[in-house]
Amino acid sequence: MSDQGSFYQRDRSWHPAAFTPQYKTSVLRSPQYPLLSLDNTVSEMTGPRFGHGKIGPLDNDLIRNYAKTGDPIGQRIIVYGRVLDENARPVPSALLEFWQANAGGRYRHKKETYLAAIDPNFGGCGRTITDEEGRYWFRTIKPGAYPWPNGVNDWRPAHIHFSIFGHAFAQRLITQMYFEGDPMIWQCPIVTTIPDKAAVEQLIAALDRNGTLPMDALAYKFDIVLRGRRSTMFENRMEGN
Amino acid sequence: MVQKLRTLKESPSQTAGPYVHIGTTPNWIGITGLWDEDLGRIVASPDARGERIVIKGHVLDGSGTPLKDALIEIWQADANGLYNSPEEKRGQADPNVSGWGRQPTDGVTGEYRFETIKPGRVSYRDGRPMAPHVTFWIVARGINVGLHTRMYFGDEEAANAECPVLARIEQKHRIQTLIASRGEENGVPTYTFDIHLQGEKETVFFDI
């Protein structure tokens with residue numbers, strides 16, 4: 001029995017709504033008509049696949065991939081985990097891209113104006129592809145919290161952005177990873193666009209002391225779940241059959 | 001207590017934020033030396049079969065202002081209606097058509113632009129042909145869950161009229177929000193597809 005059917009309906013009550021006024025930018029960028037429900041066609045059940053050959057040896061090492069004069073400043077960390085689907089099966093060959101602020105909370109972007117210093121040795125982006133068991137890992141420094149223009153004094157908790165490609169365009173996902181124990185998570189207007197506390201907790205990486213590299217780097221475990229699909233055994237009969 | 005289902009919940013989405021380019025198009029934003037080329041720049045290489053076209057437009061918010069920080073990905077079939085994907089079971093797609101593209105909206109003008117080929121027709125679930133289309137996925141600051149939509153071609157009136165997906169749109173005037181108008185630029189056909197996130201001309205978005 002293979003998983004080749006259509007994807008399970010996305011649970012929209014688990015995701016943020018489009019219109020979340022505490023996050024002001026969403027107000028004018030949120031569709032107001034209901035989404036049109038569309039049973040998956042081949043256009044949604046296929047997607048691009050990226051070969052391991054596209055990935056360079058330093059692509060998953062944010063400590064070294066932009067270093068000019070030395071290592072970037074900050075807490076050295078390893079982030080690792082698995083990409084699974086809703087059937088709890090691993091998703092191999094998934095492309096993950098990640099980006100983040102530096103240890104002071106400053107992004108390397110021409111539109112970024114926060115006064116914290118740019119780190120000349122930190123670019124803030126990387127990518128990797130999951131192995132046969134859906135596993136991935138990368139090395140980086142822990143990003144800092146930063147203020148942002150929403151309320152007059154809103155701050156983002158430390159976070160890393162993730163973009164994930166599974167095997168089908170229907171699985172396309174962008175999300176953010178937070179860090180265990182950070183009290184600012186629950187004060188953030190973007191985090192709280194997610195209505196369910198358990199759903200927020202799914203985005204909080206666990207500190208893993210066993211995965212720590214002694215005298216080197218802390219480890220955080222962050223599993224990601226993409227949409228699962230029906231097996232052909234349970235696939236609905238096609239119309240017209 | 002009943003038995004437990006051995007299923008997981010999908011990771012909830014979070015906005016791509018204003019700096020999505022750092023992770024997805026670093027060269028475009030000036031973070032160079034990491035890798036040679038941003039992914040998704042080439043949808044169809046010069047040897048691809050099919051009519052070469054340009055797709056361009058803007059993403060507009062509810063006030064009509066173009067987004068200058070959005071990221072758009074497209075996914076399309078080759079000229080014969082086949083996808084370049086291991087999940088494609090109907091045949092072998094043109095190897096010169098990756099079918100996947102990624103472009104930011106311009107930081108000053110807000111315009112996006114893809115150079116590609118016109119896709120062929122793909123069958124709906126029941127075997128009826130859908131009209132040629134390109135799948136769009138839009139993320140940006142202020143968009144909490146990436147938005148899926150489709151672009152159809154203005155010069156495919158007959159195919160559009162019988163497309164089983166377009167037929168599902170109850171408010172018939174809204175079909176027009178998915179249809180790109182054909183023009184020309186230096187001898188190359190262009191399709192202009194503006195995406196309205198909100199307002200009277202709100203684009204039809206899909207829950208796929």
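Arg12(A) counts as partly exposed because it has 13 C-beta neighbours inside 10 Å. The scale runs as follows: a residue is buried if 20 or more other C-beta atoms lie within 10 Å of its own, exposed if 12 or fewer, and partly exposed in between, with C-beta atoms placed from the backbone. This is a predicted model, in which local features need pLDDT of at least 70, side-chain atom pairs count only at pLDDT 80 or more, and totals for chains, interfaces and linings use all residues. Residues are numbered from 1 along each chain as its sequence is written, while chains are lettered from A and ligands numbered from 1 in the order in which they are written.

Arg12(A) sits in the segment before β1 of chain A. Pro157(A) is 145 residues away from Arg12(A) in sequence, and their C-alpha atoms are 24 Å apart in space.

Now take chain A as a whole. Chain A has two helices and 12 strands. Helices (H or I, at least four residues) and strands (E, at least two) are DSSP runs, numbered from the N terminus. Along the sequence the order is β-α-β-β-β-β-β-β-β-β-α-β-β-β. Along the principal axes, the C-alpha atoms of chain A fill a box of roughly 65 × 40 × 35 Å. Of the 241 residues in chain A, 43% are buried. Among contacts in chain A with a separation of 6 or more, 74% join residues 24 or more positions apart. Two residues are in contact if their C-beta atoms, placed from the backbone, lie within 7 Å.

UniProt annotates two stretches of chain A. An unreviewed entry places "domain: Protocatechuate 3,4-dioxygenase beta subunit N-terminal" at residues 8-41 of chain A. Residues 8-41 of chain A are 0% helix and 6% strand, with end C-alpha atoms 13 Å apart. UniProt also lists "domain: Intradiol ring-cleavage dioxygenases" (unreviewed entry) at residues 46-228 of chain A. Residues 46-228 of chain A are 3% helix and 32% strand, and the end C-alpha atoms are 14 Å apart. UniProt positions are given in the numbering used here, feature names are shortened, and annotations may be inferred rather than shown by experiment.

Chain B comes next. Chain B has two helices and 10 strands. Its elements run α-β-β-β-β-β-β-α-β-β-β-β from the N terminus on. The radius of gyration of chain B is 18 Å, close to the 17 Å that the globule rule gives for 208 residues, so chain B is as compact as a globular protein of that length. The C-alpha trace of chain B spans about 65 × 40 × 40 Å along its principal axes. Buried residues are 49% of the 208 in chain B.

Finally, the two chains meet. Chain A gives 75 residues to the contact and chain B gives 64. On the side of chain A that touches chain B, elements giving two or more residues include β1 (36-37), α1 (42-45) and β8 (159-165). One link between the chains is strand pairing, which takes at least two DSSP bridges between two strands. β1(A) pairs with strand β10 (residues 206-207) of chain B in the parallel sense, over two bridges. In β10(B), Phe206(B) is the bridge partner of Leu36(A).

Terms used:
Rg over C-alpha atoms; globule rule 2.2 N^0.38 Å.
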